[in-house]
Structures are given as structure tokens and as C-alpha cells.
Amino acid sequence: MHFDLLSVGNPYGIIEAILKIHEECAINSCVVLTNVAHYLTATQIEELTQLVSQTNQALLLIEFTEIGNQEAYGNSEFYYIDNDFVDWHQ
């Protein structure tokens, strides 16, 4: 796989390419990404949610964050697991 130079500096573009490759190649595995909130804006996270819905792909985002940051994932299921491994599903 090769990313052009414009995509390398664009984290959203890379994630979009990964999801579209999965769609085009009918790859049924779940894409798992960590800490994308460090690289994407709230608008891009919303666009990512829409892209996942449109392409019918499975995406798991693992974020090392605090429970108060769940607003960034408005249209997603948000599970918070604290330091004691207690699940605070909301």
C-alpha cells in the first residue's frame, strides 16, 4: 500500500483511505485505531462517524481519555473504563 505525500500529512485522509480499502476489498475485519482524538478535530470525528455509517464498516476507537471528554464522540457508543477497570457505560 502506498499513500501519496498529501495524505501522509492528513491523519483523517489516512483513516478514510483505510476504511475505503476495507470497503473496496470486502475486508470484513474490524478496524481498530487508538487516540485519534489527538489528531482529529471534533468535526472530523463526526465526519468519521458518518463515513463508517456510509461504508458499513466496523470501527473501534480506543481513546485514553477522561470520562468528561465523551462529548467529542456524540453519535458513538462511549464506554469509560477507569483505573480500577470498572466499566462506566453511559
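These are my notebook entries on one chain, which I looked up in a predicted model.

Entry 1, overall make-up. I began with the secondary structure, which comes to 3 helices and 2 strands, and I then read the order of the elements from the N terminus as α-α-β-α-β. Of the 90 residues in the chain, 24% are buried. I looked up the surface as well and noted that the chain exposes about 6500 Å², with carbon and sulfur atoms supplying 54% of that area. For contacts between residues at least 6 apart in sequence, I found that 55% join residues at least 24 apart.

I turned next to helix H2, which covers residues 11-24, and helix H3, which covers residues 42-55; their axes lie 11 Å apart and the packing angle is about 5°. On the H2 side, I listed Tyr-12, Ile-15, Glu-16, Leu-19, Lys-20 and Glu-23 as making the contact, while on the H3 side the contact is made by Gln-44, Glu-47, Leu-48, Leu-51, Val-52 and Thr-55.

Which residues make the nonpolar surface patch of about 380 Å²? I found Val-32, Leu-60, Ile-62 and Phe-64. I followed up Val-32, which sits in strand S1, residues 31-34, and I recorded its relative accessible area as 45%. Since buried means under 20% and exposed means over 50%, I wrote Val-32 down as partly exposed.

Methods. Residues are numbered from 1 along each chain as its sequence is written. This is a predicted model: local features need pLDDT of at least 70, side-chain atom pairs count only at pLDDT 80 or more; totals for chains, interfaces and linings use all residues. Side-chain values use heavy atoms; hydrogens and water are left out. Patches are made of residues with over 30% relative accessible area and no salt bridge: like charges are joined within 9 Å, nonpolar side chains (Val, Leu, Ile, Met, Phe, Trp, Tyr) within 5 Å. Accessible areas come from the Shrake-Rupley method with a 1.4 Å probe; for residues, only the protein chains shown count as cover. A salt bridge is a side-chain nitrogen of Lys or Arg within 4 Å of a carboxyl oxygen of Asp or Glu. Helices (H or I, at least four residues) and strands (E, at least two) are DSSP runs, numbered from the N terminus. Buried means under 20% relative accessible area, exposed over 50%, partly exposed in between (1.4 Å probe, protein chains only). Contact means heavy atoms within 4.5 Å. Axes are lines fitted to C-alpha atoms, for helices over the stretch in contact, and angles run from 0 to 180 degrees between N-to-C directions.
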